[in-house]
Amino acid sequence: MAARVLVGVKRVIDYAVKIRVKPDNTGVVTDGVKHSMNPFCEIAVEEAVRLKEKKLVKEVVAVSCGPQQVQETIRTALAMGADRGIHVEVSGKDYDTLGPLQVSKILAALAKKEEASLVILGKQGTFASEVTIDGDKIKVIREIDGGLETIKINMPAVVTADLRLNTPRYATLPNIMKAKKKKIASVKPGELGVDLTSRLEVLRVEEPAQRQAGVKVETVEDLVGKLKEAGRI
Amino acid sequence: MLSCSVCSLQSEGLERAVAAFRSVSGDEGVSLGEAVREQHGRDESVHRCRPPDVVVFPRCVEEVSALAKICHEHQLPIIPFGTGTGLEGGVGALKGGVCFSLRNMDQVLDLHQEDFDVTVEPGVTRKALNSYLRDTGLWFPVDPGADASLCGMASTSASGTNAVRYGTMRENVLNLEVVLADGTIIHTAGRGRRPRKTSAGYNLTNLFVGSEGTLGILTKATLRLYGIPESMVSAVCSFPSVQAAVDSTVQVLQAGVPIARIEFLDDVMIGACNSFNSLSYPVTPTLFLEFHGSSKSLEEQVSITEEITRDNGGSDFAWAEDEETRAKLWKARHDAWYASLALRPGCKAYSTDVCVPLSRLPQIIVETKEDLIRNNLTGPIAGHVGDGNFHCIMVLDPNDPDEVQRVHEFTERLARRALAMDGTCTGEHGVGLGKRALLREELGPMAMEVMQGLKATLDPKNLMNPGKVL
């Protein structure tokens, strides 16, 4: 039986919030804005917890990188059924410039340290829409352009979760209370041997251009005329 | 087809008012557009569209108050509008006037997790609130089906499938901020107050709950929250008769099972659901049940209930705990409205809404079914049997005046049947436009006079949603 699943959970601006760009165009407004777990990370946690409920894995560990507040996100994962959490402390400038490269190095280092057989993440890349464990292999059905593809892979493995993988459970109040007793360990990126320097620099953040109102025309001639005017033809 | 008279639009008074509205809410906050007005003149009932003369979109309570003052000065009717998902024609602007669309006031304000309360603006819908709350382990359980605005739900004293365990809006609104017809702003329980119970003064909060926009505009509601239950189990059971199903319901409640949902579908409805969803439930009266609690308590609740249903001749008791199977089990109940419509494609549906004491439920359902058959009407029945409340989903061809008339007469007979059994003509949809005469019969002249006196005190010019409720 696969021992341990690592699940990455990211604290992001809540999907229902209208995002605003900061006046100085250096980023988006995050102060005082509602944050919650990335919905795809919720799906990843749900999948991991279901594997545990089916007794296919022994332990689910939730990981998040960031400042103190990400502990809330880890607690939500614990309330959904993860057994313990790991908070990788990254704050200030390092957090602002934390990108996929650094996070993947951190997760790889943790997966090794924790001897995780499986890492489940919210999607980017190819996506799993069904996951089962068969002995010491994982069977994954993933959605590709042409339809569905079934593959069998060895463990340790990394799987990313697609929308259709499952419907995540709500964190119930009794489970939130019970989760307070579960442990969250803190660790610094340096302890994992990861260098956080970013090779990317954000120059400017802007809102997408406002949609312009359309114009109604009466005849095809008008349409052609307007398109010529706008230099489109 | 539009009843909005062009001449009233051109009246000077309205023009002056519209100019004043623009100075309060800006050009974007005021609309005279035909499509916008029509959208705000109808809800999900069968009543025809009655568009207002103008729609305003205030962004805060101060704007609502300023706009109301202008309406008051110019004697313009005020019609508050949430999501337009009402079922009794409550938003129709019978005398024209100004529709106050509250959708831009959509913030969840103060959440107090440990106190189990939250305050919301009128544009917040119940699904938006529950999504907002999802990380806290709390939820607002009143579930009327549609994704209605919470203040709209307060306005119609909405209920839903969960009421048997969690109550209706009457039990779950702690405080309201209301703008009266003349622009005065009041807090029915005092500003910011949210104790779980109180004996302070007259119960103003519940005066406005259910007032359907005829006493004031609701601009904030403080709501009672509950913990999301640890686990849920859904179950289905078939019965040989309506009596057997209702007897089981009464006994489950008497056994002290804290059942969360207990829904009744009659044989016609089950037949419709079978066709619509390619299911194969036995075509007899059926109960759909839901239990909330810890895993241990659920085991006990389900086993007691199963025994009771068996003792009443129930069969095919099926239950499930995981979400996907539960959804499958309840699909029939969820799709009841559409399954009914599918019985006669091209027709519209109208839902009746009477509520009687539990013990009278078998009799009223049996008599109602006989009435349907005798008058050749399509009316599958779904009911919140734990509350004694049921709906006949009347499927009718709106272009057949004879059928329209027969349905109308049927619903009047049904309402009077319920009144004769110590019940009410509306369990959860409200009085709106169509049940005012029935309200008079239900309350009697003395109580009606008191209600009219209250209305005259709070809205002497009768500007607040005229032509509704009273």
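Which residue in β14(B) does B:R261 stand opposite?

A: Happy to. B:R261 has B:E290 opposite it in β14(B). Before going further, a word on the ground rules: this is a predicted model, where local features need pLDDT of at least 70 and side-chain atom pairs count only at pLDDT 80 or more, while totals for chains, interfaces and linings use all residues. Residues are numbered from 1 along each chain as its sequence is written, chains are lettered from A and ligands numbered from 1 in the order in which they are written, and side-chain values use heavy atoms, with hydrogens and water left out.

Let's start with the strand that holds your residue. β13 of chain B spans 261–265, and five of its five residues are buried. Buried means under 20% relative accessible area, exposed means over 50%, and partly exposed lies in between, using a 1.4 Å probe and protein chains only. B:R261, B:E263 and B:L265 point one way from the strand, B:I262 and B:F264 point the other way, and all are buried.

Two strands count as paired if DSSP finds at least two bridges between them. β13(B) runs antiparallel to β14(B), with five bridges joining the two. Its pairing with β18(B) is also in the antiparallel sense, over three bridges, and there B:L265 stands opposite B:A382.

Next comes helix α11 of chain B, residues 267–277. Its buried residues are B:M269, B:I270, B:A272, B:C273, B:N274 and B:N277. Among the elements that cover them are β13, β14 and β18, along with α13, α14 and β19 of chain B. After the helix comes B:S278, with a positive phi near 50 degrees.

Two residues are worth a visit here. B:S231 sits in strand β12 of chain B, residues 231–238, and is buried, with a relative accessible area of 11%. Contact means heavy atoms within 4.5 Å; leaving aside residues up to four places away in sequence, B:S231 touches B:F291, B:H292, B:G293, B:S295, B:L298 and B:E321. B:D397 belongs to the loop between β19 and α16 of chain B and is partly exposed, at a relative accessible area of 26%. B:D397 is 51 residues from B:G346 in sequence, yet their C-alpha atoms are 7.4 Å apart in space. With residues up to four places away again set aside, B:D397 touches B:R344, B:C347, B:E403 and B:V404. A polar atom of its side chain lies 3.0 Å from the backbone nitrogen of B:N399.

Elsewhere in chain B, an open sheet of four strands runs in the order β1-β2-β4-β3, with mixed pairing. β1 and β3 stand at the edges with a single partner strand each, so one side of each has no neighbour in the sheet. β1(B) and β2(B) pair in the antiparallel sense over two bridges, with B:S31 opposite B:V55. Strand β2(B) runs parallel to β4(B), joined by three bridges, and B:V56 stands opposite B:F100. β3(B) and β4(B) are parallel as well, over four bridges, and B:I78 has B:V98 as its bridge partner. Both faces of β4(B) are covered: B:V98 and B:F100 are buried on one side, B:C99 and B:S101 on the other.

Finally, the meeting of the two chains. The contact draws on 14 residues of chain B and 18 of chain A. Together the chains bury about 1,400 Å², with 48% of it on carbon and sulfur atoms; buried area is the accessible area (1.4 Å probe) that two parts lose on being put together, summed over both. B:R134, B:D135 and B:E230 supply 47% of the area that chain B buries against chain A, more than any other three residues. Four salt bridges are found across the interface, each being a side-chain nitrogen of Lys or Arg within 4 Å of a carboxyl oxygen of Asp or Glu. One of them joins B:R134 to A:D14, with the closest N and O atoms 3.3 Å apart. Elements giving two or more residues to chain B's side of the contact are α5 and α13 of chain B.

Definitions and conventions:
Polar contact = N/O pair within 3.5 Å; in protein donor to acceptor, adjacent residues only side chain to side chain.
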